[in-house]
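Please find below some notes for a colleague who has not seen this structure before.

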Amino acid sequence: MKRKILVAGLGLIGGSLAKAMQQEDENYLIGYDLNEETLQIALNEKIIDESYTDLEEAAKGAEIIILAAPISETIKLMKQIDQIVFDHDVIISDVSSVKGSILKVANELTNKRITFIGGHPMAGSHKAGIYAAREHLFENAIYVLTPTNSCSNEKVDELKKALQPTKSNFIILQPEEHDEMTSVISHFPHLIASSLVHQARKWEQVHHYLPELAAGGFRDITRIASSNPKMWQDIFAHNGNKMSRLLQDWINEMVTLKEFLDKNSKEEMISYLDQAKKYRDGLGEKKTRGALPSFYDIYVDIKDQPGAIASVVQLLATENISIRNIRILEIRDNIHGALRLSVLNQADQQKAFALLQNNHFDVTIEP
Ligand SMILES: NC(=O)c1ccc[n+]([C@@H]2O[C@H](COP(=O)([O-])OP(=O)(O)OC[C@H]3O[C@@H](n4cnc5c(N)ncnc54)[C@H](O)[C@@H]3O)[C@@H](O)[C@H]2O)c1
């Protein structure tokens with residue numbers, strides 16, 4: 001008997017999860033979405049096996065339900081599903097970027113058939129909708145699970161088994177610690193990225209040429225400001241207290257920095273920048289840290305010309321070095337850029353380093 005999984009909300013995240021889970025023969029995918037065109041695309045592309053526009057009909061046959069709508073909609077769906085009379089047990093999970101408000105509602109559900117396990121697959125994109133869905137989106141990504149108080153380990157294992165085709169790394173967290181960490185490393189940086197873009201927009205009134213200079217660093221640091229505004233407003237609203245506290249910390253920090261500048265405090269400023277550099281460089285190392293995956297990075301300078309990236313990748317392929325992640329850090333017309341390649345172990349890192357160096361590439365292990 002196949003495992004029947006309902007995905008409610010087949011956008012970027014729900015569509016990507018469904019695509020991955022569809023790779024496993026044991027899984028049978030049911031789709032539900034308010035957008036009928038999305039459902040049709042999902043059926044045409046065989047991302048799902050059947051579709052429904054009525055939630056109760058869609059949910060009744062499912063053993064696992066994954067809610068992948070915006071957070072406020074997910075909360076409404078949880079309350080609606082709580083009213084359904086099931087003739088079997090059902091595991092419900094979600095994908096929301098905030099876990100506190102979701103788990104608060106989950107712990108208040110009264111339907112005895114339901115076990116709720118919060119979820120947050122920690123990969124994404126600035127794109128939205130089913131066309132942006134990718135089967136490999138969550139490969140090697142952290143997938144946070146936040147079970148409710150009454151949830152058993154067996155139920156968590158059942159959910160993990162269904163999600164196994166995503167090839168993500170599962171970790172269990174308390175909702176509070178999840179929200180605190182994601183607000184520091186994801187939600188708050190988003191707010192700051194948007195504010196930097198606003199600052200540039202205002203200064204463009206003074207210097208019309210400014211956008212032409214906004215390359216490299218500015219683009220890197222503000223990339224996340226291009227994401228879906230409605231989704232981020234929803235995230236900020238559900239993590240409002242923590243965001244407000246972080247914003248106050250940030251304002252205090254900026255006041256200190258302003259003092260360094262106004263007093264021209266050379267030593268303090270060097271020390272401030274140095275501490276930030278050391279911590280930032282350490283983040284890239286990612287040696288084994290608990291359940292987090294460890295990657296080993298190599299930085300290769302490449303020219304802005306056709307085939308430049310392919311030549312690096314082909315060289316590593318000849319030695320059977322598997323690349324887990326690849327990113328172009330900065331490339332502008334006719335200027336060198338850097339390619340960051342992540343491999344899985346130190347031996348491959350050293351092998352790749354030597355191979356590229358012997359083939360006259362400018363290569364480093366530190367950024
Ligand atoms: N985008 C990211 O990078 C990212 C990463 C991790 C988690 N998340 C979380 O994933 C969730 C979905 O985000 P997304 O990026 O996939 O958005 P999306 O806009 O790509 O997709 C949302 C989908 O939900 C559908 N939908 C909306 N209301 C619905 C309802 N009431 N019932 C059924 N379907 C409904 C929409 O039609 C759409 O197909 C959000 O809760 C977000 O916090 C997003």
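**Notes on the sheet and the ligand site**

1. Helix 1 (residues 12-21) lies across strand 1, strand 2 (27-32), strand 4, strand 6 (114-121) and strand 7 (142-147), and runs at about 160 degrees to strand 1. Contact here means heavy atoms within 4.5 Å. Axes are lines fitted to C-alpha atoms, for helices over the stretch in contact, with angles from 0 to 180 degrees between N-to-C directions. Helices (H or I, at least four residues) and strands (E, at least two) are DSSP runs numbered from the N terminus.

2. This is a predicted model, in which local features need pLDDT of at least 70 and side-chain atom pairs pLDDT 80 or more, while totals for chains, interfaces and linings use all residues. Residues are numbered from 1 along each chain as its sequence is written, and side-chain values use heavy atoms, without hydrogens and water.

3. The open sheet has 8 strands in the order 3-2-1-4-5-6-7-8, with mixed pairing; strands pair if DSSP finds at least two bridges between them. Strand 3 (50-52) and strand 8 (169-172) each have a single partner strand, so one side of each lacks a neighbour in the sheet.

4. Strand 1 (residues 3-8) pairs with strand 4 (residues 64-67) in the parallel sense over 4 bridges. Val7 stands opposite Ile66 in strand 4.

5. Around the ligand are 26 residues, counted when a heavy atom lies within 4 Å. Helix 4 gives the largest share of this shell, 3 residues.

6. A polar side-chain atom of Asp33 lies 2.6 Å from a ligand oxygen atom, a polar contact (N or O atoms within 3.5 Å).

Terms used. Polar contact = N/O pair within 3.5 Å; in protein donor to acceptor, adjacent residues only side chain to side chain.
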